Amino acid sequence: MTFSHLLRELVTVTRMSSDQVLAGQAPADETPSTEIHRYGPMTTPTHPLALAPVTAPPATVDGFVKEFLRELNTGQGVALSRSTVNDQYLALARTVRHYLMARWLETTRHQRETKEKAVGYLSAEYLLGRQLGNALLATDLGEIAEKAMAACGLDLVTLRAQEVEPGLGNGGLGRLAACFVDSLATMSIPCIGYGIRYEYGIFKQTFVDGRQVEQPDTWLSLGEPWGFPHPEAAVQVDFGGYTETYRDGDVERTRWVPSWNVLGLPYNYMVPGYQNGRVNTLRLWSAQATKAFDLAIFNAGDYAEAVRAQTFAENITKVLYPEDSTPQGKELRLQQQYFFVACSIRDFINQVMEPGFDLHDLPERVTFQLNDTHPVIAVPELMRILVDEHKWEWDEAWDVTKRCFAYTCHTLLPEALEVWPVDLLGRLLPRHLEIIYQINDAFLAEVRERFPNDELRARSMSIVTDYPDRSVRMAYLATVAGMKVNGVAALHSQLLADKVLPAFSEYWPEKFTNVTNGVTPRRFLRLANPWLSQLITDALGVGWVTDLDRLAELEPYAQDEDFRKAFREAKQTNKERLYALLRARDGIELSGDHLLDVMVKRLHEYKRQTLKILHIVSLYEQIIHERVDPTTITPRTVVFGAKAAPGYRLAKEIIYLINKVGETVNTDPRVAGRLQIAFPANYNVTLAEKLIPAADLSEQISLAGMEASGTGNMKFALNGALTIGTDDGANVEIRQLVGDDNFFGFGMTEPEVAALGASGYQPGSYYESNPQLKAAIDLIASGAFSGGDRNAFEPVVSNLLYHDRFMALADFASYVDAQAAVEAAYADQEAWSKMAILNVARTGFFSSDRSMRDYLSRIWRA
Ligand code: 26W
């Protein structure tokens, strides 16, 4: 914390002016608060340096060393000889910040000056991953930093490994947000990402006797060099209370009388563009008590009560909700959503409200992209500000509001669609509930006008539903208020229009569109896979990093034997790096040139990790019962990575099953060298960056119609892994682009799934009719993986036999056939490499840069 920050903190907390703090005088209550938050020097600076633009330090080894040592000595306050690895990492991070600062300040200044339309990306989650490596890539300082650290007797790789990744997200949705803001910065598109700075991110997963145990994610404990607090831009957020109407001349108006409030403190994070001199901003909000400490109560001796407000307020951004599919409907979750939305909308309006700006032009300055329904309370919040504070007419305000938002849906699971009970909403946000009612009434009046005497239709589209209890359907609010509604893959967007929101897509067909997800090639190829990247650059030059369609030029190299050889060597190098990591990180010993079969994603029944474990058990069963000659089985290592939501019991039982099967298989000499399973704990972005480049086979085996898109599937294909997958989410588009010959497709299509579901799916019949499947399930139930305890996996086994909602048993036979095809293909390494290279060449489409181009043309500039 620099002195100026400390000063600003003191000013904020004590409400004294900086001079009075310095002069040690008592605060004069009438000191205008705006004074202390005014930007800029008191008088015109005279020193040339004060007038000069901020510049980056010299991009030389010497310049870097100088900057680093200054940061270590004066920033960290230690001598190199007495510095810890954490001191060195923090000093290094700050050094790299310095090289980005000039770009950041210039980007912000340029944005303020040009008033270009910006994207306001509203997301409750950002799964950013480690920042240092990406910042070194963006500034092209990697080599200089390496030499500079070596010259200081330090090792850059060791220092990079010191960084704790900010796990401010659960999975796909959060990581997508991180890829999107990276692309917008690299494409020089004005964007401010808004979100929540959770004190504790996604839990740290550990395994105890094969069972998941959650540990708090103390990502801030060793210091956090990337966040810049801006107390001067703090926002007060109100909650609770009631509303009242009052006469304002001849107009009846409503005011909200809240009962409590908190302060939103923004932290700015850099979003560096890739070597383009641009740095966009990610503004994450942290909750604080407006009145931190009640001295009177303290002096009265009730110390806990004295700080209750503080702890109560801080609770709002204390921890990320670790669910990624079934909302728990907790009040704190709604508090989190309204808190960051209220801060963000207020902040953006403050930023554009310079003299002469008319809020009626807000849609020309921003589109707020709603990353799922989590931020949709932003719609009634903007209406409240325009109607209650700016005293606009309702229609005037609605006309502007409905041109400021667009909504992206990321799921197909009905239970994942957020619905808030009106009593909770009315208690926490009474004015917003009134506004939602008014939006709904106006909307339904329109529907009834267009479809007179079709009450059922109106009821089916109502934002407010009375069944099972009176509540607000957030996806409906987002659809009514959004200019555009998009799914995240072609199949998903189709199902969204046809099955999830059919009445709305019939009512507003032009509102529905698709933008297939993408991933940033900077982190998930250039940074994660330097060996394959070098191969690509040697062949095509460097342009592909910001123009991934250029990968298509790799097509002819698939026919090139030397290139294929080099490609295999890169894959082998990635494997060895991974094995070394898993040995050091998890004590997992992997070896040999096995087919590396990887399934990494959140643990959820619809993703069907159970199908993968049934395949493994079936292979194992056949070998131990000598149904097959083990030498005919392709040596395979299966690596799992998966966190289960703490409250998702069956998911945790599936994790237990995977670990126990792994324990048995890995110590059974009958399958030694043929089959091994690894399940490193705490799968996160950092582990993904090591796992994905090493993979041969990417498991994308969800039940068709369930996975909205998937983004891991894209990362694997871009890193030269072949996909075994169903026709679900973006798998369909991957298969279409790489070609059926270079993709191991299997399983029912979505219509077939619907038909089977409609005809009454009997999982038991598949068990009875498929001996291989029966043998596998019976082995699991036999106690073979649980020291003879036949009930160890009862929850999983009985769920599969009597429910199997996601039809793993129905797709088993087809999956096993596809896996046999995988083994056959892998036996011919030249052919396999050709297929893998074609996967790389044909998946440039899945760059998040392309996704941004689609959002721009179909939504933001449409
Ligand atoms: C607790 C409420 C809740 C519900 C849904 C929290 C988070 C969610 C997310 C929408 C779940 C999610 O991450 N969905 C994934 O989003 C990815 C990015 O679009 C897709 O690629 C995945 O298919 C989808 O499951």
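This is a predicted model: local features need pLDDT of at least 70, side-chain atom pairs count only at pLDDT 80 or more; totals for chains, interfaces and linings use all residues.
In what follows, two residues are in contact when heavy atoms of one lie within 4.5 Å of heavy atoms of the other. A residue is called buried when its relative accessible area is under 20%.

The buried residues are Asn731, Val732, Glu733, Ile734, Arg735 and Val738. They pack against helix H22 (490-500), strand S23 (697-700), helix H30, strand S24 and helix H37 (829-841). Just after H31 comes glycine 739, which takes a positive phi of about 95°.

Helix H30 comprises residues 712-718 and contains lysine 715. UniProt, in an unreviewed entry, lists Lys715 under "modified residue: N6-(pyridoxal phosphate)lysine". Is lysine 715 buried or exposed? Its relative accessibility is 8%, and lysine 715 therefore counts as buried. Apart from neighbours within four places in sequence, lysine 715 is in contact with Arg175, Val519, Phe524 and Ile692.

The strands S23 and S24, against which H31 also packs, belong to a sheet. This open sheet has six strands in the order S22-S21-S20-S23-S24-S25, and their pairing is parallel. Its edge strands are S22 (675-678) and S25 (744-745), each of which pairs on one side only. At one end of the order, strand S24 (residues 722-725) and S25 run parallel and are joined by two bridges. Isoleucine 724 has phenylalanine 744 in S25 as its bridge partner.

Two other strands of this sheet, S20 and S21, are also linked through side chains. As a general principle, side chains of opposite charge can pair when their charged atoms come close. Aspartate 597 and arginine 636 form a salt bridge of this kind, with an N to O distance of 2.8 Å. Aspartate 597 lies in strand S20 (residues 595-600) and arginine 636 in strand S21 (residues 636-641), so that the pair links parts of the chain 39 residues apart. Aspartate 597 counts as buried because its relative accessibility is 0%, and arginine 636 counts as buried because its value is 1%. The two residues also belong to one network of salt bridges with shared partners, which joins Asp597, Lys612, Arg636, Glu699 and Glu823.

How many salt bridges are counted in the model? The count comes to 56. One of them joins glutamate 389 and arginine 346, with 2.9 Å from N to O. Glutamate 389 is partly exposed, at 36% relative accessible area, as is arginine 346, at 23%. A further salt bridge connects glutamate 364 and arginine 403, whose closest N and O atoms are 3.7 Å apart. Here glutamate 364 belongs to helix H15 (residues 362-365), while arginine 403 lies in the loop between helix H17 (394-401) and strand S14 (405-408), 39 residues apart. Both partners are partly exposed: glutamate 364 has a relative accessible area of 44%, and arginine 403 has a relative accessibility of 29%.

Another helix with buried residues is H35, residues 794-802. Val796, Val797, Ser798, Asn799, Leu800 and Leu801 are buried in this helix. These residues pack against helices H27 (609-624), H28 (649-666), H33 (763-769), H34 (771-781) and H36 (808-826). Aspartate 804, which follows H35, has a positive phi, near 45°.

An antiparallel pairing is found between strand S9 (residues 242-248) and strand S10 (residues 251-257), which are joined by seven bridges. The two strands form a hairpin with two residues between them, and glycine 249 in the turn has a positive phi of about 70°. Aspartate 248 has valine 251 in S10 as its bridge partner.

Phe293, Leu295, Phe298, Tyr303 and Val307 make a nonpolar surface patch of about 450 Å². Phenylalanine 293 is located in the loop between strand S12 (279-289) and helix H11 (295-299). With a relative accessibility of 37%, phenylalanine 293 counts as partly exposed.

Technical notes: Residues are numbered from 1 along each chain as its sequence is written. Side-chain values use heavy atoms; hydrogens and water are left out. Patches are made of residues with over 30% relative accessible area and no salt bridge: like charges are joined within 9 Å, nonpolar side chains (Val, Leu, Ile, Met, Phe, Trp, Tyr) within 5 Å. Accessible areas come from the Shrake-Rupley method with a 1.4 Å probe; for residues, only the protein chains shown count as cover. A salt bridge is a side-chain nitrogen of Lys or Arg within 4 Å of a carboxyl oxygen of Asp or Glu. Helices (H or I, at least four residues) and strands (E, at least two) are DSSP runs, numbered from the N terminus. Buried means under 20% relative accessible area, exposed over 50%, partly exposed in between (1.4 Å probe, protein chains only). UniProt positions are given in the numbering used here, feature names are shortened, and annotations may be inferred rather than shown by experiment. Two strands pair if DSSP finds at least two bridges between them.
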